[in-house]
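Please keep the sequence at hand while reading.

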Amino acid sequence: MATALAATVQPALLAQNAPPKAVDSTRFFFTADMGSGLSDQKANGNQMALIHGQRPVDFVILGGDNIYPDGNLTLVETHFNRPYAALLKAGVPFHAVLGNHDIRTGNGDPQVAYKPFGMKGRWYTLRKGPIEFFMLDTNTNAQWQFQMPWLKNALAKSSAPWKVVVGHHPIYSAGLYGDDPSAIAKLTPIFAKYGVQLYLNGHEHNYERTKNIKGTTYIISGNGGAYLRPIVANERSVKVASTFGFLELAATPSRLRVDAWSSSGAKVDEVVLTRP
């Protein structure tokens, strides 16, 4: 079970003040609801590239709604290649899940087949150093009758110190969509049973980090470049913000650090999860 070691907010702290790469064995970015092709997505991409130049990341996780408005790959140049040109040129790999906008063209199959999105299927695992990612299709038409047994089996077999589940849709949320009772009933008992320490998602166009809920911290970072929505903290929220941004995460076998940045390089939130 992971515990929060520290959680502070320093709104004016610039990106270069986070810890250096040397103390971590795996570093990555997370962003979702980013594929707009607009200036706010480009600002996020530029800030991610700035951090990568100072503290190189190993990969980027995309939490869905990779191409607005309907997932059509004809827009991939303006909605993916250009905003992340510096990262792509540096050879940083991306790994995506499907959002609700992505399945509006070909049920998302063209995106699954698009190699730069790094998807091994509609759901798949990804082991990177001390972290294993369990990448889900959380859309309404997802084939849960197959995905759920796969997820339980994959979690049960995992020997990774950190188990991180990634989906597009929120499970707990203080935003527009609120909590998802079906997802709470279906997924949270599995997270508790198999020791999932972190759930990352988008769909809500804002930032939110919850308290540790039965061993799992839930972080929404759906602020990657589409329009924003307001959010008001509830009793589970540790930090909420309606600002464009992304996550920088760094892991060793015993520590998982999460830094939330705005598109201008201001620190929005930070937390360090620890395990024995």
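Contact means that heavy atoms lie within 4.5 Å. Helices (H or I, at least four residues) and strands (E, at least two) are DSSP runs, numbered from the N terminus.

## Basis of the report

The model is predicted: local features need pLDDT of at least 70, side-chain atom pairs count only at pLDDT 80 or more, and totals for chains, interfaces and linings use all residues. Residues are numbered from 1 along each chain as its sequence is written, and side-chain values use heavy atoms, with hydrogens and water left out.

## Helix H5

A residue is buried under 20% relative accessible area, exposed over 50% and partly exposed in between (1.4 Å probe, protein chains only). In H5, the buried residues are Trp144, Gln147, Met148, Leu151, Ala154 and Leu155. They fall within an arc of 135° seen down the axis of H5 (the arc of the directions from the helix axis to the C-beta atoms), so they line one face of the helix.

Gln145, Phe146 and Lys157 are exposed on the other side of H5. The cover over the buried residues of H5 includes strands E5 (124-128), E6 (131-135) and E7 (162-166), and helix H6 (181-194).

## Salt bridges

A salt bridge places a side-chain nitrogen of Lys or Arg within 4 Å of a carboxyl oxygen of Asp or Glu. By this rule there are 12 salt bridges.

In one of them, Glu248 pairs with Arg55, with the closest N and O atoms 3.0 Å apart. Glu248 belongs to strand E12 (residues 245-251) and Arg55 to the loop between helix H1 (39-54) and strand E3 (59-62), so the pair ties together parts 193 residues apart in sequence. Glu248 is buried at 1% relative accessibility, and Arg55 is buried at 3%.
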